[in-house]
Amino acid sequence: MRAQIDPAAGHVKAAIDAVGADDKFENGLDAKFTVQGPQPSGEKRTLPMRQTAPGRYEADFPLDR
């Protein structure tokens, strides 16, 4: 899994390559990305990751702060 912050755009881009035990791409998964803010409130946001290629799931979202 990779997650990068683009400070110029204020976005986070996250990607995961899902590979099974048989070394084949896992397709059609219900992938989600959870972001948790700093404590003590620890606000959580869960976002869907859409499949963009065989076994690849991505999310791109703006940072509120």
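**View 1. The largest nonpolar core of the predicted model.** Ten residues, V12, A14, A18, A31, F33, L47, M49, Y57, A59 and F61, make up the largest nonpolar core, a term for buried Ala, Val, Leu, Ile, Met, Phe, Trp, Tyr and Cys residues joined through side-chain atoms within 4.5 Å, where buried means under 20% relative accessible area with a 1.4 Å probe and protein chains only. Two or more residues of this core come from each of β2 (11–17) and β6 (56–62), strands being DSSP runs of E, at least two residues long, numbered from the N terminus, and β6 gives the most, with three residues. This is a predicted model, in which local features need pLDDT of at least 70 and side-chain atom pairs count only at pLDDT 80 or more, while totals for chains, interfaces and linings use all residues. Residues are numbered from 1 along each chain as its sequence is written, and side-chain values use heavy atoms, with hydrogens and water left out.

**View 2. Surroundings of Y57.** Leaving aside neighbours within four places in sequence, Y57 is in contact (heavy atoms within 4.5 Å) with A14, A15, I16, A18, E26, N27, G28, L29, A31, M49, R50 and Q51.

**View 3. G55 in its loop.** G55 lies in the loop between β5 (50–53) and β6, and it counts as buried because its relative accessibility is 0%. Although G55 and D17 are 38 residues apart along the chain, their C-alpha atoms are separated by 5.4 Å. When residues up to four places away in sequence are not counted, G55 touches I16, D17, A18, F25, E26 and N27.

Key: Buried < 20%, exposed > 50% of the residue type's maximum accessible area, 1.4 Å probe, protein only. Helix = DSSP H or I, 4+ residues; strand = E, 2+ residues; numbered from the N terminus.
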